[in-house]
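The following note sets out a few points for a colleague who is reading this structure. Please keep the sequence and the model at hand while going through them.

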Amino acid sequence: MKITIDLPKWAEERDIFIMAGMELVAVKRAYSNDVYVKDVRCQKCGKCCEDVPENHFYEKGIDGHCIKLENGRCVEREYKPFACCVGEKTIKECLITYRKQ
Ligand code: SF4
Ligand code: SF4
């Protein structure tokens, strides 16, 4: 599938996220012309939901996990916070990969 769009100049200074429903499928960072498209999808390992920061959206469980993580899955499903959807790949264990277009 190919999408071609003209964006306004002001959008250059913002990150551009292309979502497939709640899943990030492509990203273009602010001031960059490079677009990265997701090659390998989330493997639902739950690693990014472990050891969440103190200022996380939801409470931290006793073990440091987000309290919304149950059996390695987010119970919020399609209502999980936008930052969780676009913040993937922020830990080294994440299995998602992107390829530059
Ligand atoms: S809200 Fe869901 S996706 Fe976000 S950190 Fe918690 S369990 Fe993970
Ligand atoms: S660490 Fe990466 S692969 Fe694992 S659940 Fe989080 S986003 Fe998915």
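This is a predicted model: local features need pLDDT of at least 70, side-chain atom pairs count only at pLDDT 80 or more; totals for chains, interfaces and linings use all residues.

**Notes on ligand surroundings and backbone**

1. The residues surrounding ligand 1 are Cys-49, Val-52, Tyr-58, Cys-66, Lys-68, Leu-69, Cys-74, Glu-76, Lys-80, Pro-81 and Cys-84.

2. Most residues other than glycine have a negative phi. Tyr-31, which is not a glycine, has a positive phi near 65°. Tyr-31 lies in the loop that runs between β2 (23-28) and β3 (35-40).

3. Is Tyr-31 buried or exposed? Tyr-31 counts as exposed because 9 other C-beta atoms lie within 10 Å, and the limit for an exposed residue is 12 or fewer.

4. Asp-51 also is not a glycine, and its phi is positive, at about 50°. Asp-51 is placed in the loop between β3 and β4 (69-70).

5. Asp-51 has 13 other C-beta atoms within 10 Å and is therefore partly exposed. A residue is exposed at 12 or fewer such atoms and buried at 20 or more, so a count in between gives the class partly exposed.

Technical notes: Residues are numbered from 1 along each chain as its sequence is written. Chains are lettered from A and ligands numbered from 1 in the order in which they are written. Helices (H or I, at least four residues) and strands (E, at least two) are DSSP runs, numbered from the N terminus. A residue is near a molecule or strand if its C-beta atom, placed from the backbone, lies within 6 Å of it.
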